[in-house]
Amino acid sequence: MPQPLNYLKETVSQTAGPYVHIGLIPAMAGFDIFEKNFSNVLVTPNTKGERITLEGRVIDGSGTVLRDVLLEIWQANAAGRYNHPADRSAGALDEDFRGWGRAGSDFESGLVTFETIKPGAIVDRAGRKCAPHVNIWIVARGINIGLNTRLYFSDEEAANAADPVLNLVEPPVRRNTLIATRSERAGKAVYSFAINLQGPDETVFFDV
Amino acid sequence: MNAQAPALRDPRLNAPEPFTPRDGGFFQRDRAIHPPAYAPGYKSSVLRSPRQPLLSLESSVSEITGPAFGHNDLGPLDNDLIRNYAKDGDPVGERIIVHGRVLDETGRGVPNTLVEFWQANAGGRYRHRKDTYLAPIDPNFGGCGRALTDDTGYYYFRTVKPGPYPWRNFVNSWRPAHIHFSVFGSGFAQRLITQMYFEGDPLIPVCPILTTIPDKGALDRLVAPLDLNASTPFDSLAYRFDIVLRGQRSTYFENRPEGN
């Protein structure tokens, strides 16, 4: 027998279940308990950057929209800098932007929305420039381990074409599953997305 | 030689390791111990499980980083489920303390990380607009709370022991008593939701959700033992639940995969 390595093993995932709102968004469960709550609004009036709405749905293998799903997003600020010490890039921090939010899908429409800013391009630790993107984590009843995916922006064609992660996706047609479509609504940019859990347009999910 | 003199000891055995943040990539997740996305015994997973292989990414700055939280995000009663929704008295049920450490795979405590928890009441009923189980709502119990780990990764909270409840999977499926946990860690790739179960619960081996876990040791590590030493006499029993997040390298490897 070789010497034991003595690493601990990661605690395994379990589904968030149908009542995930109780713990993470209690107002959606139907009650008010905490003085301070987390939300789908990532911006304050002082946050720098272009205000955008992210708006999408998560769809199961029968084509049905999930109405009990919870998404979290994590993104860089308008200068392309994450609010975390492990980001050593040169972009300026924005003290009015944590870069994280969570949202439950609407119980009727299944719509998930975030009010945020468009992130800047990111320089990764290998010095490569990465297209602006938002990192997404998805949990729900029936999802045994949180799903990781990303959203890129339809108006960043050149940056997307050079992005080192998008370029890993094969076949290339699947890269489109990660791109949110820009439109304008009442003068504000809205990026629409669909996350397909299965089927011919299955979204690319990452083992990060 | 003085037999009474203490032997020379490595002083590091007594001193806690100072926590220096690491910012390399995370250890590869061992997906063989996690429940698979598609687990037909848990029927809800069938239509909600991706069928294409996941695309494996080396940790980039987008995964090594993650949100930070502080005491400003929390309220003073957030870790006391006996008090944080009490209207005209304490909630019904067995009073318990749940405590433990959030560690990483190298055994280091994960400091200042947000832990959130939610559960059914003592009768197995959730305070949720979609829960219609016949057991009554407890007017004094909300069923959720949160805590920040201290600088050694330790957390604790007080609650009542949740009850088991039936659910629609097979005609007679029951969830063992459990508390849901959400944990962050320092990087978004450590994000984890899991459930804590209670030592001795006879529903554990027959639960269709627990039996999705392919590794017996991994399942056992979701079961919190009774911890009499941490109980409060004439007040509350205690259960101990340690949570392990993915480990992290101290050095970032600036690999450039072929073609990039």
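1. S59(B) is buried, at a relative accessible area of 12%, where buried means under 20% relative accessible area, exposed over 50% and partly exposed in between (1.4 Å probe, protein chains only). A polar atom of the S59(B) side chain lies 3.1 Å from the backbone nitrogen of F26(B).

2. Some ground rules before going on. This is a predicted model, in which local features need pLDDT of at least 70 and side-chain atom pairs count only at pLDDT 80 or more, while totals for chains, interfaces and linings use all residues. Residues are numbered from 1 along each chain as its sequence is written, chains are lettered from A and ligands numbered from 1 in the order in which they are written, and side-chain values use heavy atoms, with hydrogens and water left out.

3. Chain B as a whole has 2 helices and 12 strands, in the order β-α-β-β-β-β-β-β-β-β-α-β-β-β from the N terminus. Its C-alpha atoms fill a box of roughly 65 × 65 × 40 Å along the principal axes. Of the 260 residues of chain B, 53% count as buried. Among contacts (heavy atoms within 4.5 Å) in chain B with a separation of 6 or more, 73% are between residues 24 or more positions apart.

4. Now to the interface, which takes 93 residues from chain B and 81 residues from chain A. The two chains bury about 7,900 Å² between them, with carbon and sulfur atoms giving 58%; buried area is the accessible area (1.4 Å probe) that two parts lose on being put together, summed over both. In chain B, R48(B), L55(B) and F188(B) lose the most area to chain A, together 11% of what that side buries.

5. The polar side of this interface also deserves a look. The rule finds 46 residue pairs in polar contact across it (both at pLDDT 80 or more); such a contact is a pair of N or O atoms within 3.5 Å, where within protein one must be able to donate a hydrogen and the other to accept it, and residues adjacent in sequence count only if both atoms are side-chain atoms. On the side of chain B that touches chain A, β9(B) supplies the largest share, 5 residues.

6. S56(B) in β1(B) is the bridge partner of D207(A).

7. Which residue forms a salt bridge with R48(B)? D68(A) does, with the closest N and O atoms 3.0 Å apart; the rule asks for a side-chain nitrogen of Lys or Arg within 4 Å of a carboxyl oxygen of Asp or Glu. There are 9 salt bridges across the interface. D68(A), which is buried at 11%, also forms a salt bridge with R141(A), again with a closest N and O distance of 3.0 Å. R141(A) lies in the loop between β7 and β8 of chain A and D68(A) in the loop between β1 and β2, so the pair ties together parts 73 residues apart in sequence.

8. Within chain B, R95(B) and D235(B) form a salt bridge, their closest N and O atoms 3.0 Å apart. R95(B) is in strand β2 and D235(B) in the loop between β10 and β11, so this pair ties together parts 140 residues apart in sequence. D104(B) and R108(B), both buried, form another salt bridge, at 3.9 Å.

Methods:
Helix = DSSP H or I, 4+ residues; strand = E, 2+ residues; numbered from the N terminus. Pairing = 2+ DSSP bridges.
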